[in-house]
Amino acid sequence: MATILITGIAGGLAQRAACQLLADGHQVIGVDYRSVQPPLPPGLEKLTICRAHYNKTIIEDLFRHNKLDAVFHLGRTGSFKESAGKRFDLNVVGSQKIMNLCVQHGVKSLVVLSTFHIYGAHPANHIPIAEDEPLRAGLEFPQIADAIQMDNMATTWVYRHPEVRTVVLRATNIVGPTVRNTMSEFLRRPRVPYLWGFNPMSQFIHEDDLVRAVLGCWRSEQRGIFNVAGPAVIPWRTALDLCRARTFPIPWPLTHFAVQLAGNLPYYLINFFRYPCVISDRALREAIGWEPQISIEDTLWSTVATARLG
Amino acid sequence: MLSVQRMVRPCRLVPTFINPAHVSARTPCSGRSFWKESEVSFLNQLLHPLIERASALVHRHVSDETLAHAHEIGARLTSLAQIAPQARSHFIDPAVSSAIDSLPNELNEFGFDPWGFSPEQAKFYYTLSRPVYDYFRPEIHGIENVPAGRVLIVPNHSGQFPFDGVVIAVACLLQAKPPRLVRAMAERWVSTLPFINEMFARSGVVLGDPINCRNLLEADQAILVFPEGARGSGKTFWDRYKLRSFGRGFMRLALQTGAPIVPVAVIGAEESIISVYDWQAAAKILRVPYAPIHPLLPILGPLAYLPMPTKFRIYFGKPMYFNGPFDDEDSVIQKKVDDVQNTVQQMINDGLAARRSVFF
């Protein structure tokens, strides 16, 4: 039985991971800077929840008082509801603190969830993108700096601190019935826009497949950086059809206006509706023998089913 | 764990006007609605009397018979829209269709490869490019020289617009046995063009990037690369059939992946659209690599850029095999590149010597 700390426990993904671990008989401590909404999904009765900012001292106590075997840092905030300063505090300074605490308290393994957004959707992207390729997102969209810096920090950590076995997972669009990130909320809209004349190849991964990858990395002896791509690469509008979404086109010159209308949609996401950013997860499949179990139809439809059917 | 209601093949729903039932029925977790509920009720309040008044007006002035007639026309239009996909399948050239069906490409269950190639849509676009092919009445020599498996097809580039690429691609699909899909390497700015980018990707064109190219060669695909690049196709009439110096990238890829190189000479494209001057200042403003000036531009205007029906003669040479490290010094690689360039130039000279007429 292991004791595992999971960040971002207010989110669906961390809760799914916790659920799996608790079912396997492990002890799980969940942390989040947000409050966890009361009716917890079944299976999480034994979960210890703590509300703490990743950059404050409460989190230190969690490391002091529990003999942690592993830390899953799944709580990167990509939400643009938070200001750039707060995102930097949480994602960069907070992650640094968590990683430092892992070294200080002899945590054996650390899994950090990064994002494929840092590769950036760019006309110069080749297909597919492997782990050691340049991160182009910052070229046009400096707002994503916090995600790039967090990823860089974690990847240098892999080699600077061999005593903590660190795995960095760069996941593609994470969707699923309990995930509430920008992409899944976007797909759940009653009317989903697309850019007129553009239909880039896109990937999606189901939360349960990602949880399986996280647990697989923890159980394996691997360290390093891995992309996590979904089951099939499909064009964006095929994905919208699979979501049974009503769509409407937006001409390219009006995109910035449309993004403002859409509220807290990050600007850097626009290019993902325009150019392909297809990643390859061959390294992960070979390293831990993982592969997605949920088909792309089920992945997308399970994300939007509740919203579509009422 | 995952309970998913299986569904019939989804189709794009016909957008209806704001449906309050739809909005109010959504669960709190369904995220932001495009319309806020207050906006919906406001719009409905605003529009409802208007719609009622309009329908009353229609009923007062238009007889029931006419209305029934209008309904019938509407129904016919709908049924026309429903048969549009079938009409599209009738439009597709059977030769193109059977050639594309015989391709060994690996596709996912939706019929796409990771680069966005889709056989079903490629059939449509290749059928569209078939008239271009027929217009130039190409004479294909030595297509049997294109070997099975990975290969780099290296032609000269000419003719201002990439009709030479279109003709080679259609020739490889329709004339080669077995049919080959060539993956043409496109300039970066192509992927920034709306509609064009999707059309190209679906018909198998990919971004001209070394890693893309390597990945495709490792998947045993045929790559069409113009090593002269835009400098080649933007040549003026005075420089026709004089090769611009080849880039070295294709040779490094051939060495790295062990792919043979098939040199190709295209005769006839140089004369289809004639450029007497490359106006660089205009090209910079238009953000294109070159701006050809046609001699008949003052008389014909933009019509001058319609290609003339010159006869294309395409010579596929014997495959060339190269050995050695791919990361060697430029001077070593350059010798091998020169070898290919001289072969292409020789094939062009031979082809020109054998040609009796530009148009026949």
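Predicted model: local features only at pLDDT ≥ 70, side-chain atom pairs only at ≥ 80, totals over all residues.
## A walk through chain B

Seven of them, 7 strands in the order β1-β9-β6-β2-β5-β3-β4, make up an open sheet with mixed pairing. Now select the two ends, β1 (139-141) and β4 (206-207) of chain B: each stands at an edge with a single partner strand, so one side of each is left without a neighbour in the sheet.

Next, select helix α13 (residues 330-354) of chain B. This helix packs on the sheet and touches β2, β6 and β9 (313-316) of chain B. Its direction makes about 35° with that of β6(B).

Keep two of those strands on screen: β2 (residues 151-155) and β6 (residues 261-267) of chain B run parallel and are joined by 4 bridges. Click on B:Val154 and look across to β6(B), where B:Pro263 stands opposite.

Zoom out for a moment. Chain B is divided into domain 1 (32-91) and domain 2 (94-272 + 307-354). The C-alpha centres of these two domains of chain B lie 49 Å apart.

For the last stop, select B:Asp209, in the loop between β4 and α8 (210-218) of chain B. Which residues does B:Asp209 contact, leaving aside its neighbours within four places in sequence? Show chain A as well, and you will find A:Ala124 and A:His126.

Note on methods:
Residues numbered from 1 in each chain as written. Chains lettered and ligands numbered in written order. Pairing = 2+ DSSP bridges. Contact = placed C-beta atoms within 7 Å. Axes fitted to C-alpha atoms, helices over the stretch in contact; angles between N-to-C directions. Domains from an automatic or database assignment.
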